[in-house]
Amino acid sequence: MDWFPLWNSLRIAAISTVIIFFAGVFAAYYIAKLPRLVKGVLDVVLTLPLVLPPTVVGYLLLRVLGPKRMIGAWVLETFGTKLVMTWWSAIFATTVVIFPLMYRTARGAFEAFDETLAYSGQTLGLSNTYIFWRIRMPCCRQGVLAGTVLAFARALGEYGATSMIAGYTPGKTATISTTVYQLWQTNNDALAYRWVAVNIVISAVVLLAVNMLERRDFLRGASRARRAKA
Amino acid sequence: MSLYVDIEKRLGAFRLQSKFEVADETLALLGASGCGKSMTLKCIAGIVTPDRGRIVLNDRVLFDSEKKIDLAPQQRRVGYLFQQYALFPNMSVEQNILCGIREGTRAEKRALLSEKIRLFRLEGLEKRHPAQLSGGQQQRVALARILCSEPQAILLDEPFSALDSYLKWNLELELTELLSGFHGPILWVSHDRGECRRSCQSVCVMEDGRTGEVTPMEQLFRRPATLSAARLAGVRSFLPARPCEGGIALEGWDITLPQPASRERVTVAVPDDAVLLGGAYTAVVQRVIHDLDGDLVLLRPEGAADAPPLQALLPKGSTAEVGQTLRFGLSAGRCLCYDACGEIFSADR
């Protein structure tokens with residue numbers, strides 16, 4: 001069994017999750033401060049990829065990144081490389097598709113944050129950067145973490161946009177999901193079952209990890225409360 | 001050392017106009033909920049930017065709309081004690097206090113930290129998190145943290161609004177004791193006249209976003225300058241009245257107060273101690289309320305059930321029953337007259 005699709009899927013998901021972690025968190029932070037009208041418009045635009053069919057996202061990406069299109073042609077001319085049909089092309093697809101997941105969960109977490117904590121930090125002389133990383137993020141840890149893991153899991157399973165922009169080249173751009181599709185097309189059930197099993201195991205481990213993270217947090221909180229009583 | 005504030009801020013239909021000056025003393029900013037007290041504090045701390053005006057602390061301009069000066073909250077050196085203390089829940093007591101220490105080497109910071117821990121009686125609690133502390137301990141941590149940041153003025157935003165009254169009393173004593181070591185202007189926002197009277201030297205009444213004059217605390221209770229100040233000072237009876245020959249006549253009552261009045265409509269505020277038992281007037285007791293300070297009676301003139309009621313506090317030991325006719329007198333000198341704008345106009349006392 002060739003394990004390339006697993007490795008490829010993992011690196012695509014990992015890289016896009018790192019990108020989306022920062023992009024989503026900062027978008028959530030700064031958009032919350034904008035005037036209501038601008039916020040509403042940006043909110044719709046940024047959440048759109050979540051509800052659009054992945055094929056539509058893929059199509060739009062091809063219209064922009066294709067070798068004969070605006071950005072694609074420019075990159076091809078300047079750097080001599082195509083933006084589509086390479087293994088990292090899939091990162092464009094997964095990044096766009098999972099961005100709303102991270103953005104929305106982070107925004108939800110930030111909205112629940114008590115702003116007076118930030119204000120009191122400011123009056124004490126703490127820098128805004130310190131307040132963001134040492135107070136706001138730790139207080140919103142649960143929501144941000146959940147968003148990150150969810151985004152990673154979704155990136156791992158992305159199929160529609162990925163297959164359109166990166167295609168299926170065994171050993172080059174194949175991911176788990178495109179491999180399963182290919183195996184089904186060629187009636188290779190035995191191997192398809194194996195990849196399905198691999199996929200289920202990975203997803204289950206990810207979800208288990210989330211649950212355990214939350215449990216550990218919960219236990220720590222509970223023991224704190226017990227100590228306080230004693 | 002003083003804090004000068006003169007600011008304006010519009011928020012939808014609400015208009016804030018705050019103007020006052022505090023020296024090295026505790027000034028109470030007294031007003032009903034939503035009158036702009038907290039907004040004023042936020043403007044001083046730099047959390048909210050006023051539309052217009054000037055804020056000066058010890059000759060340091062914190063805000064000046066004309067000169068386009070608007071210091072960041074970090075540079076203002078204004079300590080702010082929030083309603084719920086705003087301790088950082090993810091940090092221990094130690095880390096919370098260290099957040100307030102602005103400069104110094106590691107060793108200097110630790111030394112200052114242990115000094116404050118001792119001063120604020122927080123020994124043994126260093127590693128605890130805010131959720132594991134009582135309300136009083138949280139207040140001490142918050143104050144220690146603020147005083148570590150060496151503020152030049154301190155703002156207290158309804159420090160006891162979230163507490164039960166029996167907890168409040170001890171915390172109030174403790175807070176005034178801990179603040180006694182601070183030399184600089186202190187602004188104490190409150191809607192509780194008792195709290196203000198016990199802890200502050202002067203008072204500024206706020207109403208609908210506007211500040212009144214700064215007066216000594218005693219004057220608020222002796223001669224409140226506006227109707228709303230009278231309400232905040234605890235006056236319970238407000239009776240409409242008209243000028244007549246020989247003074248002003250209370251509507252619905254057969255009572256004339258010998259006070260000069262040039263205005264058409266006036267409101268007479270009758271403090272509890274202006275009503276004396278055994279006098280020239282009679283009234284029917286309509287209701288008796290057993291209060292902590294004694295029995296409170298609601299009086300109406302005989303045969304006029306719709307006349308505005310007069311409330312009076314009976315002296316300790318005396319009682320009254322509903323339906324009973326009571327003889328009473330009014331000390332004209334203690335009654336306060338307000339014109340239609342709510343401004344006081346009787347000068348004598």
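This is a predicted model: local features need pLDDT of at least 70, side-chain atom pairs count only at pLDDT 80 or more; totals for chains, interfaces and linings use all residues.
## A pairing to start from

In strand E9 of chain B, Ser190(B) is the bridge partner of Leu30(B). Leu30(B) belongs to strand E3, residues 26-30 of chain B, and E9(B) covers residues 186-190. The two strands pair in the parallel sense, over five bridges.

E3(B) also has a partner in strand E10 (residues 202-207) of chain B, to which four bridges join it, again in parallel. Here Ala28(B) stands opposite Val203(B).

## How enclosed is E3(B)?

Five of the five residues of E3(B) are buried, so the strand is largely enclosed by the rest of the structure. Both of its faces are covered. On one side sit Thr26(B), Ala28(B) and Leu30(B), and on the other Leu27(B) and Leu29(B), each of them buried.

## The nonpolar core

The largest nonpolar core has 132 residues. Its largest share, 14 residues, comes from helix H5 (residues 89-111) of chain A. Among the residues with the most contacts inside this core are Ile165(A), Leu81(B), Leu187(B), Trp188(B) and Val268(B). Val203(B), already met opposite Ala28(B), is on that list too. For background, in soluble globular proteins nonpolar side chains tend to be buried together.

Leaving aside residues up to four places away in sequence, Leu155(B) touches Leu41(B), Ile44(B), Ala45(B), Val78(B), Gly79(B), Tyr80(B), Leu81(B) and Leu187(B).

## An antiparallel sheet in chain B

Chain B also holds an open sheet of four strands, in the order E18-E17-E16-E19, with antiparallel pairing. Its edge strands are E18 (310-313) and E19 (325-330), each of which pairs on one side only. On average, neighbouring strands are turned by 50° against each other, direction ignored.

Inside the sheet, seven bridges join strand E16 (residues 275-291) to strand E17 (residues 294-300), and the two run antiparallel. One point to find on screen is Val284(B), which stands opposite Arg300(B) in E17(B).

## Chain A in outline

Turning to chain A, the secondary structure comes to 11 helices and zero strands. The C-alpha trace spans about 65 × 45 × 30 Å along its principal axes. Of the 230 residues of this chain, 35% count as buried. Among contacts in chain A between residues at least 6 apart in sequence, 73% join residues at least 24 apart.

Not counting residues up to four places away in sequence, Ala13(A) touches Thr94(A), Phe152(A), Ala155(A) and Leu156(A). Ala13(A) is buried, with 26 other C-beta atoms within 10 Å. Ala13(A) and Thr178(A) are 165 residues apart in sequence and 14 Å apart in space, C-alpha to C-alpha.

Helix H4 (residues 70-79) of chain A lies largely in the open, because the number of buried residues among its 10 is zero. Just after this helix, Gly80(A) takes a positive phi of about 65°.

In helix H7 of chain A, by contrast, Ile131(A), Ile135(A), Arg136(A) and Cys139(A) are buried. They cover an arc of only 85° around the axis, which puts them on the same side of H7(A). An α-helix has 3.6 residues a turn, so residues three or four places apart point the same way. What covers the buried residues of H7(A) includes H6 of chain A. Exposed residues Thr129(A) and Trp133(A) are carried on the face of H7(A) turned away from its buried side.

## Where the chains meet

The contact between the chains takes 17 residues from chain A and 20 residues from chain B. On the side of chain A, the elements that give two or more residues are helices H6 (115-123), H7 (128-139) and H11 (189-229). H6(A) gives the most, with seven residues. By class, this side of chain A has eight nonpolar, seven polar and two charged residues.

Methods: Residues are numbered from 1 along each chain as its sequence is written. Chains are lettered from A and ligands numbered from 1 in the order in which they are written. A residue is buried if 20 or more other C-beta atoms lie within 10 Å of its own, exposed if 12 or fewer, and partly exposed in between; C-beta atoms are placed from the backbone. Two residues are in contact if their C-beta atoms, placed from the backbone, lie within 7 Å. A nonpolar core is a set of buried Ala, Val, Leu, Ile, Met, Phe, Trp, Tyr and Cys residues joined through C-beta atoms within 7 Å. Ala, Val, Leu, Ile, Met, Phe, Trp, Tyr, Cys and Pro count as nonpolar, Asp, Glu, Lys and Arg as charged, and the others, Gly among them, as polar. Two strands pair if DSSP finds at least two bridges between them. Axes are lines fitted to C-alpha atoms, for helices over the stretch in contact, and angles run from 0 to 180 degrees between N-to-C directions. The arc is that of the directions from the helix axis to the C-beta atoms.
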